[in-house]
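This briefing describes selected packing and sheet features of one protein model. Please read it alongside the sequence and the coordinates.

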Amino acid sequence: MTIGESSERAQNAAQACADLQAAAPAGAKAASKAHIRSLTQRVFSTFLAVALAVSMTPSAALAETQASVSPVVQNEAQKADVADAGQVTPAPDSAEQAEAPSLPSSAQESATESGDNDKTTDTASGSVASDTEKVDDDVDAAGTVDNDLQEDAAQPVDQAPEQDVPAAAAEKAPKEEAASLINATCSVIGVDAQGNRQTWAAAQSFSLEEGATAATLTEELFKRTGLKADYNPNGSWGWALNAVSSPFEDGLTLGYDPATWSYWQLFVNGESASVGADGCVLHAGDKVSWVYGSNGTMPGQMNITVEVIGQDSNGKAERWAQRSRNELATASFDDICLSFFKECELDCEILNLGFTWLLVSITSPSGVKLQGGWNCLINGKAISSAAGLTLKSGDTISWVHGTNVLPNLDEVTIDPSATRPDWKADWAGDQSRPTTAATPTDYMKSDWTLDYKQYSSAQYVNASEPVIVNGFVYLAVGNRLLKIDSSTGEVVAQANLISSIGFTTRPVYAQGVIMVPLDGGAVQALTADNLTTVWATDKLSDSAQSNSAITVNGNYAYVGTCDVDFVAGTYNNGFLTCINILTGAVVWQRNNANEGYYWGGAVNLGGYTVVATSAGTVEVLSGAGSVVSTVSLGAPVNSSCVASADGKTLYVMSRDGKLHVLAIDEQGSIKETKVVDLGLSGCASMPTVNGSTMYVGGEVESGAAALAIIDLNSFESTLITQADGKTLPGVKGYGGIKAAPLVSTQNGETYVYFTVNYGETSDWVNYTSGGGVYRYKVGDAQATLAYDAKGFNNYCDSSVICDAEGNLYYINDSGTLFKLAGGGVKPSPSPAPQPGPAPQPNPNPDPAPGSNLGTQPTVAGVVAPAALPVAAGGAAQQTGSVSASASARQEVSSSTSVSGATEQHAAIANSSDSSDTAESDNGSRGPIWPYVVLGLGVAGIVGAGAWWLLAKRRQSGIK
């Protein structure tokens with residue numbers, strides 16, 4: 001039975017009642033008129049109630065019973081239908097509406113795909129309003145339905161618009177396939193004037209098209225709730241949430257606070273998001289939360305730091321492991337400590353006594369075993385028992401050997417007279433360069449890996465690019481420099497830095513010391529053998545970022561910095577500093593108040609120093625640091641300048657993917673001679689020049705990574721965009737190949753090694769691809785994924801380097817340092833790329849003002865705002881550095897209830913699982929409501945007839 005047939009029978013029942021009433025004697029008609037009207041209304045009311053109860057959409061009921069339903073009921077049905085047809089499900093108009101059964105998924109599938117689906121809810125009246133002209137025209141100010149809609153609703157099912165065709169009639173009325181929808185929730189948690197956390201918008205469910213981002217979801221939440229927010233969809237780093245106004249306190253608006261570093265933190269499923277809102281592609285069931293604060297925790301979570309301080313082989317206190325992690329506020333001391341020991345892979349001997357446990361011994365990563373004498377300190381104070389201990393966010397648990405006093409491991413002693421070794425560097429880190437080492441030409445395997453996250457207390461761990469000297473690998477992590485045995489991967493020594501590094505840094509080896517640029521603009525030099533600090537320059541400013549490459553020329557080092565204001569999106573107050581490597585004295589400083597030196601590097605030639613600013617100005621400086629000449633390239637630059645062999649030609653890549661060829665004469669005058677379009681849409685890669693060929697990475701318009709190969713004689717170029725028969729992966733705006741390629745020439749062949757700034761994930765924590773190493777053999781049509789980093793997948797914007805034997809080294813954002821060798825197996829095929837979030841710490845710096853390639857760095861250890869909600873387009877926080885325990889990843893729902901104003905944020909939380917089940921059931925058995933309606937119609941006719949006969953007899957008896 002069709003909907004039209006059942007509706008017709010219901011209408012016939014009403015007509016039968018009317019006929020019976022007309023046939024009755026006049027007296028009986030007068031006496032029973034009110035009763036028959038009441039009965040008729042009850043029949044139709046029952047019809048509508050049953051239809052809704054069996055998941056018939058109000059629009060379907062409206063279409064079949066137009067002539068019998070009052071205008072008021074039509075209006076309410078139309079309102080519900082507007083909500084059902086859109087991509088976004090509006091909030092209920094009242095508490096009663098919130099309790100009504102949700103519409104079936106089949107009704108959602110029958111909705112049309114159009115631009116008329118963006119809706120808001122008036123938070124004062126609760127009425128549904130549309131931002132589109134169509135809905136405004138369909139529903140007038142009085143709330144009545146437009147005549148055009150009434151005519152559409154009155155059409156037979158096989159002539160009705162496609163969006164009104166229910167699942168039961170799908171075969172009779174062809175329709176376009178609806179877009180796949182996902183459900184996701186969004187909430188906003190601010191603070192009141194006293195600093196107490198307060199729910200400003202409770203979690204609400206939305207239906208969005210597949211591929212929607214957290215930015216789209218957030219904008220829909222603001223529309224629905226009426227929250228006043230300052231956000232910029234087209235910020236320098238993408239979608240940026242600048243401020244939100246409290247719905248409870250007039251004049252209270254929260255935005256970035258430089259005093260407390262508080263901002264609107266973005267969380268997905270309880271974990272701090274690893275990309276900005278417009279880079280955060282949602283999955284079904286995702287829970288998005290905006291939380292104002294700075295500690296990276298959700299309500300109901302606490303951040304706890306655990307560390308182990310043992311001793312080195314000389315008996316000196318040494319930190320063996322340290323990690324900051326989010327835990328549920330209910331997590332116990334025992335669970336936190338035991339999980340930490342396991343995650344850091346420390347060899348611990350624990351005596352379990354049933355009612356408690358004792359730490360017997362710990363073996364350090366370098367093999368030192370300390371047995372007995374372990375003491376526990378909470379925030380520097382010794383405890384004898386954890387019984388009754390309540391931890392709070394920000395607490396530090398320290399396991400210290402041999403003393404119950406916390407050693408001061410962060411103290412740095414400067415000894416200018418310390419002996420410096422005369423060691424040879426396999427990779428000094430001062431510039432990209434080709435090599436003749438026998439790098440792997442087959443598939444690769446990892447010789448060893450090092451989890452460097454355990455060497456920092458920061459929740460999001462910052463690490464440098466590695467340097468290789470005399471058989472040791474040097475890696476700066478947080479506020480520490482690690483010295484690693486390149487043959488085993490064991491940390492053989494570590495030293496404190498006077499401050500933390502930024503989101504990344506590029507150390508360099510020269511004159512027996514490792515020079516490390518620090519956040520704030522200082523540079524610290526440590527001897528390569530004993531890691532003794534011999535000098536450190538002064539800090540420049542709190543906002544100074546030190547992520548440019550250090551250039552070494554004899555006894556002098558040149559390093560650039562840039563002050564970054566993430567809220568204003570400015571890069572200025574740049575310093576280019578010339579330092580005497582032997583003494584640490586600053587020879588000169590070039591201060592550019594209006595521009596900065598960001599993610600680039602200088603080159604020395606002919607007695608001049610040439611450097612590009614982030615704004616795209618190439619400066620030629622004299623030996624004393626004064627400006628000799630400049631030229632503007634017309635686009636931001638975040639790449640080091642590269643000189644030709646004769647020193648007369650310079651090559652500079654701009655962020656828009658163009659190669660700029662510059663000429664410099666003996667007087668230092670510089671001019672642009674050629675601009676080459678390489679087919680790249682973006683570039684933050686430093687070029688590597690091998691003979692007359694340049695190799696540089698970037699991305700193309702689609703976002704896929706690409707390797708450009710340029711003949712420097714003819715300036716003809718080739719783009720390599722494929723690997724293993726598929727397009728190279730990438731995320732638009734993240735730079736593609738963002739680091740300098742490693743070029744190796746051996747046996748008459750040239751091989752290029754590179755990484756891609758890409759990662760794939762479905763849960764924002766576990767990555768299934770990305771972070772591996774690609775190899776390209778010059779002359780081939782495509783590259784090969786030579787190492788897939790399985791088990792350590794994540795984003796990567798770091799270079800691949802090599803030692804003298806050809807072993808490869810690099811880091812990715814899983815928090816891992818790799819050593820790779822040949823002899824591996826072909827990586828198993830992976831699904832088509834579906835990019836997920838990049839990890840902490842902000843591996844995707846967006847060095848260019850106004851650019852949309854990547855994200856911005858961290859200030860003094862804080863996660864880069866471009867990887868945060870304030871600067872949301874860029875990639876990257878390292879979620880891998882946060883506890884991966886299930887409890888820590890759970891979204892903690894707020895139970896806070898605020899009367900009155902809070903009610904306006906209530907919403908129905910639809911279950912996608914139940915919707916899918918309902919759809920499956922309807923598709924297999926068909927709807928049952930037509931039979932119910934038929935039964936009610938027959939029963940109505942019989943009842944009406946019986947009532948009429950009884951009334952007639954009674955009236956006859958009265959006569």
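Phe333, Phe340, Phe341, Trp357 and Trp399 form one aromatic cluster; rings of Phe, Tyr and Trp (its six-membered ring) pair if their centres lie within 6.5 Å, with planes under 30 degrees apart counted as stacked, over 60 as edge-to-face and the rest as tilted. The model is predicted, so local features need pLDDT of at least 70 and side-chain atom pairs count only at pLDDT 80 or more, while totals for chains, interfaces and linings use all residues. Residues are numbered from 1 along each chain as its sequence is written, and side-chain values use heavy atoms, with hydrogens and water left out.

**Aromatic pairs and charges over rings**

- The count of aromatic pairs comes to 20.
- In one of these, the ring centres of Tyr787 and Phe818 are 5.9 Å apart and the planes stand at 70°, so the pair is edge-to-face.
- Because Tyr787 belongs to strand β53 (residues 784–787) and Phe818 to strand β56 (residues 816–822), the pair ties together parts that are 31 residues apart in sequence; strands (E, at least two residues) and helices (H or I, at least four) are DSSP runs, numbered from the N terminus.
- Tyr787 and Phe818 are both buried, where buried means under 20% relative accessible area, exposed over 50% and partly exposed in between (1.4 Å probe, protein chains only).
- Arg224 lies over the face of Phe206, 3.7 Å from the ring centre, and Lys483 lies over the face of Phe472, 4.3 Å from the ring centre; the criterion is NZ of Lys or CZ of Arg within 6 Å of the ring centre and within 35 degrees of the ring normal.

**Nonpolar cores**

- The largest nonpolar core has 53 residues, of which Val188, Trp264, Leu282, Val288, Trp290 and Phe754 touch the most other members; such a core is a set of buried Ala, Val, Leu, Ile, Met, Phe, Trp, Tyr and Cys residues joined through side-chain atoms within 4.5 Å.
- Apart from it lies another core, of 34 residues, including Trp448, Tyr452, Leu482 and Tyr809.
- Beyond its neighbours within four places in sequence, Val188 is in contact (heavy atoms within 4.5 Å) with residues including Leu221, Phe222, Trp264 and Trp290.

**The sheet containing β10**

- Five strands make an open sheet with mixed pairing, in the order β4-β3-β10-β8-β9; two strands pair if DSSP finds at least two bridges between them.
- Its edge strands, β4 (197–209) and β9 (271–272), each pair on one side only.
- Strands β8 (residues 263–268) and β10 (residues 287–293) are antiparallel and share 6 bridges, and Tyr263 has Gly293 in β10 as its bridge partner.
- Helix α9 (residues 214–225) lies across β3 (181–191), β4 and β10, at about 115° to β4; axes are lines fitted to C-alpha atoms, for helices over the stretch in contact, and angles run from 0 to 180 degrees between N-to-C directions.

**Strand β18 and its partners**

- In strand β18 (residues 396–401), 5 of the 6 residues are buried.
- Strand β11 (residues 301–311) runs parallel to β18 and is joined to it by 5 bridges, with Ile309 opposite Val400.
- Strand β16 (residues 374–378) pairs with β18 in the antiparallel sense over 5 bridges, with Asn375 opposite Val400.

**Ile550, a buried loop residue**

- Ile550 sits in the loop between β29 (544–545) and β30 (551–553) and counts as buried because its relative accessibility is 1%.
- Thr505 is 45 residues from Ile550 in sequence, and their C-alpha atoms are 9.5 Å apart.
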